[in-house]
Amino acid sequence: MRLVGLTGGIASGKSTVSSLFKSAGVPVVDADIVARNVVQKGTGGWKKIVKAFGNDILLENGDIDRARLGQIVFTDPEKRKLLNRLLAPNISFGIFWEVVKLWANGCTVIVADIPLLFETKMDRWTNPVIVVWVDPKTQIERLMSRDGCSEEQAQNRINAQLALDWKKSEADIVINNSGSLDDTKEQFQEVLKQVSGPLTWKERMVSRDGLLSIVLCTTAGVLLAKKNLL
């Protein structure tokens, strides 16, 4: 099985590339969806957040006000670290479980779409790592346009993350999303060929069918050995 890491920065276009993978029939585990699920009302993640940040971050129906919580953590580095520390185990397990379900269904190539791939050290489990990069000027402009925020607010949100240039330097594959959507789609087709290529022998061994083959061969070997000893 090949577990591909996909990451980027805010307003870099990672979600666009993630959607392209889905459209191409490649299963994607979306960490943002997992994160939303682990903080649903009454869950362990929800209880951790309420205990740490108080009832002020709740909506009238008891759900977490994601916009309010986002405002708090983007302006306070310590609270952002606290939030990541509280939810990291829940999110990591949620991602792992989604990957296991896809593995059990026989999927051989899975994309893990994780914004904090490097921050949570989950890049060690993925290969290759794809970073969706965008030049700083375009990133700010897109963020301002998307969220209706000021340039200062946009810059603060970008600064709250690991530098995109650093992520680019750590990537196995870089998709430059600074241009048009057609440019990105063209790059994506090349990347799709790379990640959809033949599995290495190590990747085949940890695939569902590979492990089944090993189990069957081992069982057959044990039975044959027992028969010869009788």
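1. K79 touches F53, I72 and V73, where touching, or contact, means heavy atoms within 4.5 Å, and residues up to four places away in sequence are not counted. K79 is found in helix 5, which covers residues 77–104. With a relative accessible area of 38%, K79 is partly exposed; buried means under 20% relative accessible area, exposed over 50%, and partly exposed in between (1.4 Å probe, protein chains only). K79 and G8 are 71 residues apart in sequence, and their C-alpha atoms are 22 Å apart in space.

2. A word on the basis of these values. This is a predicted model, in which local features need pLDDT of at least 70, side-chain atom pairs count only at pLDDT 80 or more, and totals for chains, interfaces and linings use all residues. Residues are numbered from 1 along each chain as its sequence is written, and side-chain values use heavy atoms, with hydrogens and water left out.

3. The protein as a whole has 11 helices and five strands. Both kinds of element are DSSP runs, numbered from the N terminus: helices are H or I with at least four residues, and strands are E with at least two. The C-alpha trace spans about 80 × 45 × 25 Å along its principal axes. Of the 230 residues, 38% count as buried. Among the contacts with a separation of 6 or more, 72% are between residues 24 or more positions apart.

4. The protein exposes about 13,500 Å², and carbon and sulfur atoms supply 57% of this area. Accessible areas come from the Shrake-Rupley method with a 1.4 Å probe; for residues, only the protein chains shown count as cover. As for charge, there are 30 positive and 26 negative charges, and their mean positions are 9 Å apart. Lys and Arg count as positive and Asp and Glu as negative, while His and the chain ends are not counted. The place of a charge is taken as NZ of Lys, CZ of Arg, CG of Asp or CD of Glu.

5. Which residues of helix 2 are buried? In this helix, residues 31–38, they are A31, V34, A35 and V38. These residues lie on the same side of helix 2 because they cover an arc of only 100 degrees around the axis; the arc is that of the directions from the helix axis to the C-beta atoms. Their cover includes strand 2 (28–30), helix 3 (44–53), helix 5 (77–104) and strand 3 (109–113).

6. The N-terminal end of helix 2 is capped by D30, which has a side-chain oxygen 2.8 Å from the backbone nitrogen of D32. A polar contact is a pair of N or O atoms within 3.5 Å; within protein, one must be able to donate a hydrogen and the other to accept it, and residues adjacent in sequence count only if both atoms are side-chain atoms.

7. R2 is found in strand 1, residues 2–8. Is this arginine buried or exposed? R2 is buried, with a relative accessible area of 6%. A polar atom of the R2 side chain lies 3.0 Å from the backbone oxygen of G197. The backbone oxygen of P198 is 2.9 Å from a polar atom of the R2 side chain.

8. L199 also touches R2, and its other contacts are M1, T108, V109 and R204, not counting residues up to four places away in sequence. L199 sits in the loop between helix 9 (181–195) and helix 10 (201–205). At 16% relative accessibility, L199 counts as buried. L199 and M1 are 198 residues apart in sequence, yet 7.3 Å apart in space, C-alpha to C-alpha.

9. The loop between strand 3 and strand 4 (129–133) holds T126. T126 is buried, with a relative accessible area of 7%. Leaving aside neighbours within four places in sequence, T126 is in contact with L3, V4, G5 and L117. P128 lies in the loop between strand 3 and strand 4, and the peptide bond from N127 to P128 is cis, with omega near 5 degrees.

10. Two backbone angles deserve a check. K121, in the loop between strand 3 and strand 4, has a positive phi of about 65 degrees although it is not a glycine. K121 is partly exposed, at 47% relative accessible area. A11 has a positive phi of about 60 degrees, and it is not a glycine either. A11 lies in the loop between strand 1 and helix 1 (14–23) and counts as buried at 12% relative accessibility.
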